[in-house]
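Please look over the model shown here before reading the points that follow.

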Amino acid sequence: MKKYVRPVLAVVAMVCSFVAATMASSACLLFYYQPEEPKSLQD
Amino acid sequence: MEKLVKKLADAITVPLGYDSEQRAVVQYGLFAVIQILVVAVIISVFGIVAGCIWECWISYLSVAMLRKSTGGAHANTSNECLVISVLVISLIGLISRYFRLMPHALLIGLVICPVLFFVSCLIVYKKAPVDSEKKPIKSAEKIRRLRLISLVTLIIYALLAFLLFAVSFNNLIYLSLAVSLNLSVFWQSLTLLMAVKNKAVVDKNLKKGEQT
């Protein structure tokens, strides 16, 4: 069971990074709060 | 919600040995995912209970997709954002659902909705995209691209609204969906105006601060 934890976390991290990159190309997040954008995603 | 997202992001990235910047990116994406899911779950539950789930989902999707390219006013905290999002979407869902029960609902809808839509288009055309302090948009190319996406989104919404009104003559259920779409676009254009006004006040205060 333990050997699956790292790959699962890696997939979750990849999905989150993909969503972050998608949101970075838009004007803001989808709803009414905008957290600080990471430096690497800024224009 | 931000604290929870930070803890979750740490739990994901620490075992993977990510550095602080990679962690920040994962946290940012995770925040967006959780925000989308939480609002979707709450409005779905509300929609099922109040009998207006389709209207709520039309509002949810149309506001989110338009907001992505137009930007708009922001809440100060993530919890405030959650409350505003759920309240507005639920309210639009409810109004749209019970609008069709009014006498002459179709006629009123056919008069009011195009006017609201036209006003919204004008606001989006003039003001979009509106950036924020935490996410400034500096590149002229990005501004042009976001404005174009906003206008294309509005054209798609207009076609969709037209189709929904056309089929409303046979079944009034579709009138609710058309009204929901129009109200959502109008609300989103109002948040643009609020954002522009807030930005103007902040800029004015900054200038005053610099002068003193």
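1. The model is a predicted one. Chain A holds one helix and zero strands. Its C-alpha trace spans about 40 × 20 × 15 Å along the principal axes. Of the 43 residues in chain A, 40% are buried.

2. Between the chains, 28 residues of chain A are in contact with 43 residues of chain B. On the side of chain B that touches chain A, at least two residues each come from helix H1 (2-13), helix H2 (20-50), helix H3 (53-70), helix H4 (78-99) and helix H6 (140-168) of chain B. H2(B) gives the most to this side, with 13 residues.

3. As for the make-up of this side of chain B, 21 of the residues that touch chain A are nonpolar, 13 are polar and nine are charged.

4. The largest nonpolar core has 61 residues, and B:Ile89, B:Ala161, B:Ala178 and B:Leu181 touch the most other members. Both chains take part: helix H1 (2-24) of chain A supplies at least two residues of this core, as do each of H1, H2, H3, H4, helix H5 (105-127), H6 and helix H7 (173-211) of chain B. H7(B) provides the largest share of the core, 10 residues.

5. B:Ala178 deserves a separate look. Which residues is B:Ala178 in contact with, leaving aside its neighbours within four places in sequence? They are B:Gly109, B:Cys113, B:Ala161, B:Leu164, B:Phe165 and B:Ser168. One of these, B:Ala161, is also among the core residues that touch the most other members.

Terms used:
Residues numbered from 1 in each chain as written. Chains lettered and ligands numbered in written order. Predicted model: local features only at pLDDT ≥ 70, side-chain atom pairs only at ≥ 80, totals over all residues. Contact = placed C-beta atoms within 7 Å. Helix = DSSP H or I, 4+ residues; strand = E, 2+ residues; numbered from the N terminus. Nonpolar A, V, L, I, M, F, W, Y, C, P; charged D, E, K, R; others polar. Core = buried A, V, L, I, M, F, W, Y, C linked by C-beta atoms within 7 Å. Buried ≥ 20, exposed ≤ 12 C-beta atoms within 10 Å, placed from the backbone.
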